[in-house]
Amino acid sequence: MDKRKIKTKRLIEMTFINILSEKELSRITIKEICEKALISKSTFYDHYVDKYALVDTIIQEYSNEFQKEIHERFKSVDEHNTFEVISGITQGMALQNKNLSTILRVTGTDSSLESNFRKILFRESFAYFTSHPINKRFSREFLAKMYAELALASIAYTLSNYEDKELINQQADFINLLQQAIIEKL
């Protein structure tokens, strides 16, 4: 893809997220996005059909990145470097706090970032529990559901406490210890 198109696309997305952090999606206009990004409407429409396609694209981009991170997170269990991977994910989220918090609040579209994250967390944890020997005391579906909900709570905590590096490290340590306890006891 042409570098100019990539830069323009990023500019539109960042401008949109900045506006979205200040007002609801339903109140944002294409004209407003174009004025703040200093582009023409035709340039906007070269990249997106409408603002809903723009938000869907952003949600998909964050979801794709999250999918990769969570996949690596479960690989890290076998590679015995879970703490480092979880720390990297939480620190990355802390750095993207404003954008993630803004996109997580979006409603009124076909999909939401939170529902995508929940599905990814469930799928990846279910796949892990299915492919690894665990005690049959709890169903894999139950464990995956609990994992997804705990991870979402952890994400919310990260985003609300992103400035406190010590709390973020404690959180990563707790998740790592919880994982070890689950794996050892199951």
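This is a predicted model: local features need pLDDT of at least 70, side-chain atom pairs count only at pLDDT 80 or more; totals for chains, interfaces and linings use all residues.

Analyst: Residues are numbered from 1 along each chain as its sequence is written, and side-chain values use heavy atoms, with hydrogens and water left out.

User: How many helices and strands does the secondary structure of the chain come to?

Analyst: Helices (H or I, at least four residues) and strands (E, at least two) are DSSP runs, numbered from the N terminus. Along the sequence the pattern reads α-α-α-α-α-α-α-α-α. The count is nine helices and zero strands.

User: Are helix 1 and helix 2 roughly parallel or roughly perpendicular to each other?

Analyst: Axes are lines fitted to C-alpha atoms, for helices over the stretch in contact, and angles run from 0 to 180 degrees between N-to-C directions. Helix 1 and helix 2 (residues 30-37) pack at about 115°, with axes 9 Å apart. Angles under 35 degrees count as roughly parallel, over 145 as roughly antiparallel, 65 to 115 as roughly perpendicular and the rest as oblique. Helix 1 and helix 2 are therefore roughly perpendicular.

User: Which residues in helix 2 does helix 1 meet?

Analyst: Contact means heavy atoms within 4.5 Å. Helix 1 brings L11, I12, T15, F16 and I19. Its partners in helix 2 are E32, I33, K36 and A37.

User: Is the crossing of helix 1 with helix 6 left-handed or right-handed?

Analyst: Helix 1 and helix 6 (residues 97-104) pack at about 70°, with axes 9 Å apart. That makes helix 1 roughly perpendicular to helix 6. A crossing is left-handed if the near helix is turned anticlockwise from the far one by less than a right angle, and right-handed if clockwise. Helix 1 passes helix 6 in a crossing that is left-handed.

User: Which element gives the most to the lining of the second largest pocket?

Analyst: A pocket is an open set of points on a 1 Å grid over the protein atoms alone, where a 1.4 Å probe fits, with protein on both sides within 12 Å along at least five of seven lines; lining residues have an atom within 4 Å of a point. The lining includes R10, E13, M14, I58, E61 and Y62. Helix 1 (3-20) and helix 4 (51-79) each give two or more residues. The element that gives the most, with six residues, is helix 4.
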